[in-house]
Amino acid sequence: MAKEICFPDGTRVPAIGQGTWYMGEDARMKAQEIAALRAGIDLGLTLIDTAEMYADGGAEEVVGEAIRGLRDRVYLVSKVYPHNAEGEKAIQACERSLKRLQTEHIDLYLLHWRGGIPLADTIAAMERLQQAGKIGQWGVSNLDLEDMQALWSLNGGQRCMTNQVLYHLASRGIEFDLLPWCRQQQIPVMAYCPLAQAGRLRDGLFSHPVVNHIARERGITPAQLLLAWVIRQPGVIAIPKASAVKHVEENAQARDVVLSAEDIAQLDQAFPPPTRKQHLDVV
């Protein structure tokens, strides 16, 4: 059975979902992107992550078309800009996202990153949206340990469902403090860019001799190896973006890959885990 992750409210989601960063930017790709997302849903990648920022709402529009007729099968995640994360601005931002997504509610609504608005005001806005039935749960993204501790100290802050951060084999800083803290609080971490696909490191990771050696030995692709590595950690959800059905199928198969202790030791030697606090990587 494919690996699942449990949110604090008891909701279970697949350990690999679907990201949408860079979708909706090219009209010529829209049909292919919709087909890829729908194929992912059929393959059990039913968590779909998007944001009002992506393609200035264009990614949400792609998701909205992809989930038409399939909404009850999807766990839908979107994110609000920091400057919209308070009061009426949050209500209006959420309404715009709902319209683009062609749905009446978002399952999990995240603060995209911490800006100048006090976290207490963001919590209050999230609670208003919950009471109005516009969102199910709320969480955060790109918050480091100090930010999470600040959130946790506020009234209602411990109802945060997740922290979505950059995490892949070549970016392991969260393993030193943030990931253990989230695990202690029983908050799943959502790993964006688990294949380093939004950065320059992707080609380096895919062609790395150790990654390729282990992948060949296991009869899997480098991408599958990298995804299996990310979700080896308890409570970590990977949300790779794939615009082609072939890559979606590849991602789905990675849920069943279990790395051996020897595999992990080789990867640790090639990409050592952190031995000290590091600034949170963000792209």
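UniProt positions are given here in the numbering of this structure, and its annotations may be inferred rather than shown by experiment. I kept that in mind throughout, since the model I am reading is a predicted one.

**Entry 1: the annotated residue**

I looked up the UniProt record, an unreviewed entry, and found that it lists Tyr54 under "active site". I then asked where Tyr54 lies, and I found its place in the loop between β3 (47-49) and α2 (58-66). Is Tyr54 buried or exposed? Its relative accessible area is 6%, and because buried means under 20%, I noted Tyr54 as buried. Leaving out residues up to four places away in sequence, I listed what Tyr54 touches: Thr20, Trp21, Asp49, Ala59, Lys79, His112 and Gln164.

I turned next to helix α8 (residues 209-218) and helix α11 (residues 261-270), which pack at an angle of about 165 degrees with their axes 10 Å apart. Angles over 145 degrees count as roughly antiparallel, so α8 is roughly antiparallel to α11. I also recorded that the crossing of α8 past α11 is left-handed. On the α8 side I found Val210, Val211, His213, Ile214 and Arg218, and these meet Asp263, Gln266, Leu267 and Ala270 of α11. Sorted by class, this contact has five nonpolar residues, two polar ones and two charged ones.

**Entry 2: the buried residues of α10**

Which residues of helix α10 (residues 245-253) are buried? I noted Val248, Glu250, Asn251 and Ala252.

How values were computed:
Residues are numbered from 1 along each chain as its sequence is written. This is a predicted model: local features need pLDDT of at least 70, side-chain atom pairs count only at pLDDT 80 or more; totals for chains, interfaces and linings use all residues. Side-chain values use heavy atoms; hydrogens and water are left out. Axes are lines fitted to C-alpha atoms, for helices over the stretch in contact, and angles run from 0 to 180 degrees between N-to-C directions. Helices (H or I, at least four residues) and strands (E, at least two) are DSSP runs, numbered from the N terminus. Angles under 35 degrees count as roughly parallel, over 145 as roughly antiparallel, 65 to 115 as roughly perpendicular and the rest as oblique. A crossing is left-handed if the near helix is turned anticlockwise from the far one by less than a right angle, and right-handed if clockwise. Contact means heavy atoms within 4.5 Å. Ala, Val, Leu, Ile, Met, Phe, Trp, Tyr, Cys and Pro count as nonpolar, Asp, Glu, Lys and Arg as charged, and the others, Gly among them, as polar. Buried means under 20% relative accessible area, exposed over 50%, partly exposed in between (1.4 Å probe, protein chains only).
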